[in-house]
Amino acid sequence: MNIAIFISKFYPEFSGVSQRIIELYEQIHSKRKIKVDVYCGGYESNFSHSYKHKFFSIKKLNDFSNSKFKILKIFFNIINFIQIFFFIKKNKYDFVHIIGSNNITSSA
């Protein structure tokens, strides 16, 4: 099963919700073979990068929601929307789980 999670913040940034999501999907992973891709924003860094945590493939997307420049926020929101559209289309997920509220989850 191929699963996409769109969440406002994820490990290593502290978020109680992300900790519960990790525990939930670990329980599911112990019973079924699943592949989980996580797409998240966050405040520690504004730039995209990818990393792994346990069996999660995590892609942090640009998050300029705290920028003072409105045009910059609009530009990056459009870019995130297009990226997320192609992530979902390319990977053909069986299940899409959206958690939280920020520009990443709104785009999903």
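Which backbone oxygen does the side chain of Tyr51 reach at 2.5 Å? The backbone oxygen of Tyr11 is the one that the side chain of Tyr51 reaches at this distance, where a polar contact is a pair of N or O atoms within 3.5 Å, and within protein one must be able to donate a hydrogen and the other to accept it, while residues adjacent in sequence count only if both atoms are side-chain atoms. This is a predicted model, in which local features need pLDDT of at least 70 and side-chain atom pairs count only at pLDDT 80 or more, whereas totals for chains, interfaces and linings use all residues. Residues are numbered from 1 along each chain as its sequence is written, and side-chain values use heavy atoms, with hydrogens and water left out.

**The sheet**

- Five strands form an open sheet with mixed pairing, in the order S3-S4-S2-S1-S5; strands (E, at least two residues) and helices (H or I, at least four) are DSSP runs numbered from the N terminus, and two strands pair if DSSP finds at least two bridges between them.
- Strand S3 (49–53) and strand S5 (95–99) stand at the edges and have a single partner strand each, so one side of each is left without a neighbour in the sheet.
- From one strand to the next, the twist averages 20°, with angles running from 0 to 180 degrees between N-to-C directions and axes being lines fitted to C-alpha atoms, for helices over the stretch in contact.

**Strand S1 and its partners**

- Strand S1 (residues 2–7) runs parallel to S5, to which five bridges join it, and Val96 in S5 is the bridge partner of Ala4.
- Helix H1 (residues 16–31) packs on the sheet, where it touches S1, strand S2 (35–40), S3, strand S4 (56–60) and S5, and its direction makes about 170° with that of S1; contact means heavy atoms within 4.5 Å.
- S1 also pairs with S2 in the parallel sense, over six bridges, and Tyr39 in S2 is the bridge partner of Phe6.
- Six of the six residues of S1 are buried, which means under 20% relative accessible area, against over 50% for exposed and in between for partly exposed (1.4 Å probe, protein chains only).
- Asn2, Ala4 and Phe6 point one way from S1, while Ile3, Ile5 and Ile7 point the other way.

**The nonpolar cores**

- The largest nonpolar core has 15 residues, and those with the most contacts inside it are Ile5, Ile7, Phe10, Tyr25, Val36, Val38 and Phe56; such a core is a set of buried Ala, Val, Leu, Ile, Met, Phe, Trp, Tyr and Cys residues joined through side-chain atoms within 4.5 Å.
- At least two residues of this core come from each of S1, H1, S2 and S4.
- A second, separate core of eight residues includes Ala4, Phe6, Tyr39 and Ile84.

**Two residues in their surroundings**

- Tyr51 lies in strand S3 and counts as partly exposed, at 22% relative accessibility.
- Beyond its neighbours within four places in sequence, Tyr51 is in contact with several residues, including Phe10, Tyr11, Pro12 and Cys40.
- Thr105, found in helix H3 (residues 103–107), is buried, with a relative accessible area of 6%.
- The side chain of Thr105 reaches the backbone nitrogen of Asn102 at 2.9 Å, and, leaving aside neighbours within four places in sequence, the contacts of Thr105 include Phe6, Ile7 and Ser8.
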